[in-house]
Amino acid sequence: MATPDMQKSMRMQYQIRENAKQQNDTMMSFASWQKDIGEKDRQQREKSAAPLPPVRGGARVGVRNSAAGAAEGASAHRRAAPGESAAKHTYDKGYKKWEDFDIDKALEEAEGDDDDDGEGADAAADDDASEEESEEEAEELAAPAQPLEAPRDAELAQRELGNKKFAAGDYDGAIRCYTLCLGLKKHNHVAFSNRAMAYLKQKEYHNAEADCSVALSIDASHVKSLQRRATARHALGKHRAAFVDASAALDLAPGTKALATQKAAILAALREAAKNAPFSASVPVTHSD
């Protein structure tokens, strides 16, 4: 007859199994949706064969050439007649006459403008490079979308996570992970056996024995379940049942040193318990007339 703790544990396992099943269905539905979206996107891109317009473009704007203007002004000044008034060759009425024109200063300004022209050419080259990068980005965007990978086996992922938590000493977390495994796959003798080992680490021998019994009902030749149930029964004082499990495990895996050591320890405990067991004296039966 199941104890209240076992009934509570069974109800909890059922609820966890239902939650895990619902989570798995949701993940599968999401993967199917991603696959459909990827297929529709690919079909839409195949229909639209026209190339994408450039991201940006336009005519290149020329830069000023002050050196050419200064040279032309100087040439006009040299062509002027000797008697002609210099006022015709001024840039503005407020300037001085051309005889006061500083040619060295004008040449320095022309050289500075040439430097500006070089900077403008560099800027134009940068614009061309930016346009090429934009075209490459547009080509990448035009590539067909690749669907995401399908989610991996949720049961296996939970079991591996439980193994990591067990190795780290988080036995409560390992028990939760193995319980989720059972929610995703009921007839999973490995998850039952692993959870039994976590129960053994917490000295919950009744739960460990129960999980091992379920695992052996699924796979009667699972050596680890026999060994772990023998450990649980030995801790509970069930030496005879523990000796039977240890013997069965050693028959399945002969030559295993750990199983042989376990069987010898259980046998010693069994002999000690038999030695200290009280014997009831026989009472003669009398019959009255």
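Colleague: Which residues in α5 meet α6, and which in α6 do they meet?

Modeller: From α5 there are Tyr171, Ile175, Tyr178, Thr179, Cys181 and Leu182, and they meet Ala191, Phe192, Asn194, Arg195, Ala198, Tyr199 and Lys201 in α6. Bear in mind that this is a predicted model.

Colleague: How do the residues of that contact divide into nonpolar, polar and charged?

Modeller: Nine are nonpolar, two are polar and two are charged.

Colleague: And the geometry? At what angle do the axes of α5 and α6 cross?

Modeller: Two packed helices are described by the angle between their axes and the distance between the axes. Helix α5 covers residues 171–184 and helix α6 covers residues 189–201; their axes cross at roughly 160 degrees and come within 9 Å. That angle makes α5 roughly antiparallel to α6, since angles over 145 degrees count that way.

Colleague: Is the α5 and α6 crossing left-handed or right-handed?

Modeller: The crossing of α5 and α6 is left-handed.

Colleague: What is Glu155 in contact with?

Modeller: Apart from neighbours within four places in sequence, Glu155 is in contact with Cys181, Leu184, Lys185 and Asn188.

Colleague: Different topic. How many aromatic pairs are there?

Modeller: The count comes to two aromatic pairs. In one of them, the ring centres of Phe30 and Trp33 are 6.0 Å apart and the planes are at 25 degrees, so this pair is stacked.

Colleague: Which helix holds Phe30 and Trp33?

Modeller: Both lie in helix α1, residues 4–47, and they are three residues apart, about one turn of the helix. Phe30 has 47% relative accessibility and counts as partly exposed.

Colleague: What about Phe166 and Tyr171, how are those rings arranged?

Modeller: Phe166 and Tyr171 form an edge-to-face pair, 5.3 Å centre to centre with 65 degrees between the planes. Phe166 counts as partly exposed at 23% relative accessibility, and Tyr171 counts as partly exposed at 24%.

Colleague: What is the phi of Lys203?

Modeller: Phi of Lys203 is near 60 degrees, which is a positive value in a residue other than glycine. Most residues other than glycine have a negative phi.

Colleague: Where is Lys203 found?

Modeller: Lys203 is in the loop between α6 and α7, the latter being residues 205–218. Its relative accessible area is 63%, so Lys203 is exposed.

Colleague: On to α7 and α8. At what angle do they pack?

Modeller: They pack at about 150 degrees, and their axes are 9 Å apart. That makes α7 roughly antiparallel to α8. The crossing of α7 and α8 is left-handed.

Colleague: Which residues make that contact?

Modeller: On α7 they are Tyr205, Ala208, Glu209, Cys212, Ser213, Ala215 and Leu216; on α8 they are Ser225, Leu226, Arg228, Arg229, Ala232, Arg233 and Ala235. The residues of this α7 and α8 contact divide into eight nonpolar, two polar and four charged.

Colleague: Take Arg233. Is that one buried or exposed?

Modeller: Arg233 lies in helix α8 and is buried, with a relative accessible area of 15%.

Colleague: What does Arg233 touch?

Modeller: Not counting residues up to four places away in sequence, Arg233 touches Glu209, Ser213, Lys238, His239, Ala241, Ala242 and Asp245. Glu209 and Ser213 are among the α7 residues in the contact with α8.

Colleague: Last one. Where does Ser221 lie?

Modeller: Ser221 lies in the loop between α7 and α8, with α8 covering 223–235. Ser221 counts as partly exposed at 43% relative accessibility. The C-alpha atoms of Ser221 and Ala253 are separated by 10.0 Å, and the two residues are 32 apart along the chain.

Note on methods:
Residues are numbered from 1 along each chain as its sequence is written. This is a predicted model: local features need pLDDT of at least 70, side-chain atom pairs count only at pLDDT 80 or more; totals for chains, interfaces and linings use all residues. Side-chain values use heavy atoms; hydrogens and water are left out. Axes are lines fitted to C-alpha atoms, for helices over the stretch in contact, and angles run from 0 to 180 degrees between N-to-C directions. Helices (H or I, at least four residues) and strands (E, at least two) are DSSP runs, numbered from the N terminus. Angles under 35 degrees count as roughly parallel, over 145 as roughly antiparallel, 65 to 115 as roughly perpendicular and the rest as oblique. A crossing is left-handed if the near helix is turned anticlockwise from the far one by less than a right angle, and right-handed if clockwise. Contact means heavy atoms within 4.5 Å. Ala, Val, Leu, Ile, Met, Phe, Trp, Tyr, Cys and Pro count as nonpolar, Asp, Glu, Lys and Arg as charged, and the others, Gly among them, as polar. Buried means under 20% relative accessible area, exposed over 50%, partly exposed in between (1.4 Å probe, protein chains only). Rings of Phe, Tyr and Trp (its six-membered ring) pair if their centres lie within 6.5 Å; planes under 30 degrees apart count as stacked, over 60 as edge-to-face and the rest as tilted.
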